[in-house]
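Hi,

Here is the structure I said I would pass on to you. Have a look at it first, and then read my notes below.

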Amino acid sequence: MNKKNICIVVGARPNFVKIAPLIKAIEKTEGACYELVYTGAENDPTLEATLFDDLQMPSPTKYLGVNSVSLNEITSRVIAEFDAFLENRPVDVVIVVDDLASTMATAIVTKKRGIKLAHLVAGTRSFDIQMPKEINRLVIDALSDYLFTAGVKSNSIATREQHETSQTYMVGNILMDTLRNNHTRLRKPQIDLTEGRYLVLTLNRKLLLADTNKLKSLLDTIVAQAGDVPVYAPLRPQAFDVVASLNTKIRLLDSLSYLEFGWLTAHALGIITDSGNVAEEATFNGVPCITLNSYTEHVETVTVGSNVLVGGDEEKLSEALGLMLSGQWKKCALPDRWDGRTAERIVQILMS
């Protein structure tokens, strides 16, 4: 069997959660080897000290050290650094994850060097061309030779848009591989709480955090509806500071480790979030979830799963919270191919 040299490129912390099972699958496959590249710095504060141990995966073999906040600067610097990294390196395929500026930059370098490109998670669209990430998605999918999609809608989008040499595969949701692998390892955080009798709030979107009037209105709605039910919000520093300045009745927590956060959300009465990944995890755990967005790239979390979209509408949020707190949430199930075998399918396709 010919050796297959795979390079996996990660641009942000959530990407590591998705590629951990992929690395396990590669390590178990004869003839496959890999290098793991992180576009950020080794001392990146968003990577907690326990992350790689929690995910049972090795740390990156290469850090490109790009830590700018300017999207254009990130793109240009990653192009330069990744191009230098690939010089004289035998790479057969580069796997990129999601839709960041660094992901798009990596994709451009890969194709300019004539190397096969695989996109995980392909075919996701907001259909809002004003969003920088939407442009990234369009560019990455257009350049990719392998489009690995998580659901039926993403698969149809990728198939419709693909060019002649692209191949689209509905491999399933790789985040579920990670959740299944770690389900029995989740660790209760050191918080005085009662299982099933608290809500979890997460906030990450820069636009929502910047609109403090809208955010305060949403937080006031949550607090008013929750009543005596505590609302825990494990937040990263920027979001922590914004919420702390607006509302003190929400119980703010410093960001938790992967295993602690997983336990907190898995045992909650309900979740309010602006994160697609958190909504996917809620569907896996069968926990009611309200998303503070008007769209989702993973529509199966709404059509099949436990997720409901309310956007920034306080009335819709209040109504959904009422159903959540009274135990009248909709019935939900696991979407197709959320079976924990996504990484295995990907590696089989790349090796065939």
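What follows is a short tour of what turned up. Keep in mind that this is a predicted model.

Let's start with the aromatic rings. A pair of rings is described by how far apart the centres are and by the angle of the planes. The count here comes to 7 aromatic pairs. One of them is Phe 16 with Phe 52, an edge-to-face pair with 5.1 Å centre to centre and 85° between the planes. Phe 16 sits in helix H1 (residues 13-27) and Phe 52 in helix H2 (residues 51-54), so this pair ties together parts that are 36 residues apart in sequence. Phe 16 and Phe 52 are both buried.

Tyr 146 and Phe 148 make another pair: their ring centres are 6.1 Å apart and their planes are at 15°, so they count as stacked, the cut-off for that being under 30 degrees. Tyr 146 is buried, at 12% relative accessibility, and Phe 148 is buried too, with a relative accessible area of 1%.

Back to Phe 16 and Phe 52 for a moment: together with Tyr 38 and Tyr 63, they form one aromatic cluster.

Next, have a look at helix H11 (residues 258-266). How many of the residues of H11 are buried? It is 9 of the 9, so the helix is largely enclosed by the rest of the structure. Among those buried residues are Tyr 258, Phe 261 and Trp 263, along with Glu 260 and Thr 265.

You'll find Thr 103 in helix H4 (residues 101-112), and at 5% relative accessibility Thr 103 counts as buried, since the limit is under 20%. Which residues does Thr 103 touch, leaving aside those up to four places away in sequence? They are Val 96, Val 97, Asp 98 and Ile 140.

Finally, the surface. Ile 129, Ile 135 and Leu 138 make a nonpolar surface patch of about 240 Å². Leu 138 belongs to helix H5 (residues 132-143) and, at 32% relative accessibility, counts as partly exposed.

That's it from me. Enjoy looking around!

Cheers

Definitions and conventions
Residues numbered from 1 in each chain as written. Predicted model: local features only at pLDDT ≥ 70, side-chain atom pairs only at ≥ 80, totals over all residues. Heavy atoms only, no water. Phe/Tyr/Trp six-rings, centres within 6.5 Å; stacked < 30°, edge-to-face > 60°. Helix = DSSP H or I, 4+ residues; strand = E, 2+ residues; numbered from the N terminus. Buried < 20%, exposed > 50% of the residue type's maximum accessible area, 1.4 Å probe, protein only. Contact = heavy atoms within 4.5 Å. Patch = residues over 30% accessible without salt bridge, like charges linked within 9 Å, V, L, I, M, F, W, Y side chains within 5 Å. Areas by Shrake-Rupley, 256 points an atom, 1.4 Å probe, with all protein chains shown as cover. Salt bridge = Lys/Arg side-chain N within 4 Å of Asp/Glu carboxyl O.
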